[in-house]
Amino acid sequence: MFPLVKRGYCSALLALSLLGLLLDCTHGTPAEDEDYYLQEILNREHYYSIPGLEEPLSYTEGPEEAEPPVGGGRGPVTGKKEQKGKKEKERHAEKGAAEAKTAKNGNKKAEKNNKKGNWKTPNGSQEGESHFVPVREECPPMGLETLKIDDFQLHASTIKRYGLGAHRGRLNIQAGIYEDDFYDGAWCAGRNDPLQWFEVDARRLTKFTGVITQGRNSLWSSDWVTSYKVMVSNDSHTWVTIRNGTHDMIFPGNHEKEIPVVNEFPMAVIARYIRVNPRSWYENGSICMRVEILGCPMPDPNNYYHRRNEITTTDNLDFKHHSYKEMRQLMKVVNEMCPNITRIYNIGKSHNGLKLYAIEISDRPGEHELGEPEFRYTAGSHGNEVLGRELLLLLMQFMCQEYLSGNPRVTRLVEETRIHLLPSVNPDGYEKAFEVGSELGGWSVGRWSLDGLDIHHNFPDLNSILWEAENRKWVPRKVPNHHVPIPEWYLSDNATVAMETRAVISWMEKIPFVLGGNLQGGELVVTFPYDMTRSQWKMQEQTPTPDDHVFRWLAFSYASTHRLMTDASRRVCHTQDFAKEDGTINGASWHTAAGSMNDFSYLHSNCFELSMYVGCDKFPHESELPEEWENNRESLLVFMEQVHRGIKGVVRDMQGRGIANALISVEGINHDIQTGQARDRSPRCERAFAFCVAVLEILSNSDSGY
């Protein structure tokens, strides 16, 4: 037994010792956010709650937190090439070697710490100051934009309403025109205070390397976050703020609502959960964000969920984004591999003087064969919709390889069809989007031609000419219901017509195409004519063509063989669930657009043209290309095969001579076709699809048994 005084003395001494030990153990660890515990209490209290009508909290960031990151933090990046030159790589390699040399002692200490098991994780007990020079790692987007991250992996502190919930906080997500409770263009917090957060659950340990942010997509509101902190966790309860030395990093956010801004961490952080904590925002707006997370999943052989859902490809193709020069070189390589079935040519030039290259795939390239239908795929009329361009480059490689290996399906296509692939209608726009990079172009950088025109909707409006003539009973006496002529004003030099559009029209008139598809991006749906509403002031209206049943079949042939388009369980890309309509829609019932390529092709030629929107992400990261190829490969082949679903033949006179420009009408279809003139001066008639279906219907209902 110790005396009471001594016991009290010892107790005080023990307490002081423990306090000193505690202070020593926590030396060098990231200090908790000053509002952290209060934040956690409030967050649990109103998790997913919708705030009432109480007054919003007013908060002004102190001057300390308004400063940019200190030290090794990287500022916002608004432009970045994915493809780096050889010289640049060598320069970075030399720089990395120099840094490694100067940090020799620090690296030794880091190695020593790692041997003791001091790998930095958010909830680790040894979170002391690091003594090694961080090496910045680059990871691809995790997939908020591409929908790889599902809605159940996204959480938020509060929401303004359901349509502005965490599930809408995806990079480049678009709001509906009328912005209702279901489809708004961002996550918006229910309160404007620094306690709000947006959280992503990666469902596995992930190496996080950066964050990309945007403001709210809206025609009526201006909302964006101007600075934020980032926190990580392994259990969603204990959070560690990313720091730069002894200070919490405040990352600069956006200055407007559409241009993405990327911030890369000074070093990669391994965790399962990541939160973005807005610290300041546009003074006249609210806390609203669209986000993408950069991260690499850590290897986990026991993760059955990931392995079961992983998409791989066995095709040995060049999965990368190609610059204009690289595209041209790739087409040359394909031509050299398969010289007997391919031919490269150009249909004209862009505004900037770049040639619009196409490749022909046929058993007799450069020659139209009587009775062999002409087919075309085009892509890139919107320069920032890059996936279609890469799919066509992959398709030409695939067909060459499979033909050489004796694939009977591809061989039959090559021998019985003359296929034309035009991968880049708008190379000028693509170069602008490529310069910025796959995640940083927003929704519109590179979309238009260099003279500011939307090429896909820059064709003559023949719909209005035909419909006015029908209203006046001028069809077919004064105005034909097919091959509607281009108005003279459109052909004048002063007309607002892109050089690329004129080149495509000349190409259409030169080659007697029967079926075509133009690949676009930003959605998962196939659209078919008409694209323009017949009622003048309506934005949406079902406007079918006389061959509507054929167009619907063609659209369904692509959508039904795509891996995702008709999947009823998939999440909508933006605002409309096209899977309910079997992944297809009449263009005018979606949104009206005058002068579309599809309507012009149908009314001015014999060609049936459709638009394939092949992915939610217009410009997916390079790592996504193999999966996107698997999603679309079968559809691309099946749609080409539909060119043979018709009656094709030659119209001859009594002496057996071919008749050029003969008119063919089918009862019940108010859209005629016209025979063409082949290069060998043998007139031909190729009436695909509608002619076949209509004739079969007529014959099957005929009493004569013809």
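Tutor: A residue is called buried when its relative accessible area is under 20%, exposed when that area is over 50%, and partly exposed in between. The structure above is a predicted model. By this cut-off, buried residues make up 52% of the 706 residues in the chain.

Student: Why is Cys-139 called buried?

Tutor: Its relative accessibility is 9%. The limit for a buried residue is under 20%, and Cys-139 therefore counts as buried.

Student: What makes the pair Cys-139 and Cys-296 a disulfide?

Tutor: The sulfur atoms of Cys-139 and Cys-296 are 1.8 Å apart. Two cysteine sulfur atoms within 2.5 Å are a disulfide, so Cys-139 and Cys-296 are joined by one. Cys-139 lies in the loop between helix H4 (104–115) and strand E1 (154–156), whereas Cys-296 belongs to strand E10 (residues 288–297). The two cysteines are 157 residues apart, and the pair links distant parts of the chain.

Student: Why is Cys-296 called partly exposed?

Tutor: The relative accessible area of Cys-296 is 22%. A buried residue must be under 20% and an exposed one over 50%. The value for Cys-296 falls in between, so Cys-296 is partly exposed.

Student: How do you know whether the disulfide of Cys-139 and Cys-296 is left-handed or right-handed?

Tutor: The torsion about its S-S bond is about -115 degrees, so this disulfide is left-handed. For Cys-188 and Cys-288 the torsion is about 115 degrees, and that disulfide is therefore right-handed.

Student: What makes Cys-188 and Cys-288 a disulfide, and where do the two residues lie?

Tutor: The S to S distance between Cys-188 and Cys-288 is 1.9 Å; the limit is 2.5 Å, so the pair qualifies. Cys-188 is in strand E2 (residues 187–188) and Cys-288 is in strand E10, 100 residues apart. Cys-188 has a relative accessibility of 0% and counts as buried. Cys-288 is likewise at 0% and counts as buried.

Student: How is the disulfide of Cys-338 and Cys-400 described?

Tutor: The sulfur atoms of Cys-338 and Cys-400 are 1.9 Å apart. The torsion about the bond is about 90 degrees, so the disulfide is right-handed. Cys-338 sits in the loop between helix H6 (324–337) and strand E11 (342–349), and Cys-400 sits in helix H7 (residues 386–404). Cys-338 is buried at 4%, and Cys-400 is buried at 2%.

Student: How many disulfides are found in the whole structure, and what is their pairing?

Tutor: A search of the whole structure finds four. When the bonded cysteines are numbered in sequence order, the pairing is 1-4, 2-3, 5-6, 7-8.

Student: Helix H7 was mentioned above. Why is Leu-394 called buried, and what does it touch?

Tutor: Leu-394 is found in helix H7. Its relative accessible area is 2%, and the cut-off is under 20%, so Leu-394 is buried.

Student: How do you know that the buried residues of helix H10 line one face?

Tutor: The buried residues of H10 (residues 462–471) are Leu-462, Asn-463, Leu-466, Trp-467 and Ala-469. Seen down the helix axis, they fall within an arc of 160 degrees, so they line one face of H10. An α-helix has 3.6 residues a turn, so residues three or four places apart point the same way. The buried residues of H10 pack against helix H15 (597–604).

Student: What makes the nonpolar surface patch, and where does Met-539 lie?

Tutor: Ile-177, Tyr-178, Leu-219, Trp-220 and Met-539 make a nonpolar patch of about 690 Å². Each residue in a patch has over 30% relative accessible area. Met-539 lies in the loop between strand E16 (523–528) and helix H13 (548–559).

Terms used: Residues numbered from 1 in each chain as written. Predicted model: local features only at pLDDT ≥ 70, side-chain atom pairs only at ≥ 80, totals over all residues. Heavy atoms only, no water. Helix = DSSP H or I, 4+ residues; strand = E, 2+ residues; numbered from the N terminus. Buried < 20%, exposed > 50% of the residue type's maximum accessible area, 1.4 Å probe, protein only. Patch = residues over 30% accessible without salt bridge, like charges linked within 9 Å, V, L, I, M, F, W, Y side chains within 5 Å. Areas by Shrake-Rupley, 256 points an atom, 1.4 Å probe, with all protein chains shown as cover. Salt bridge = Lys/Arg side-chain N within 4 Å of Asp/Glu carboxyl O. Arc of directions from axis to C-beta. Contact = heavy atoms within 4.5 Å.
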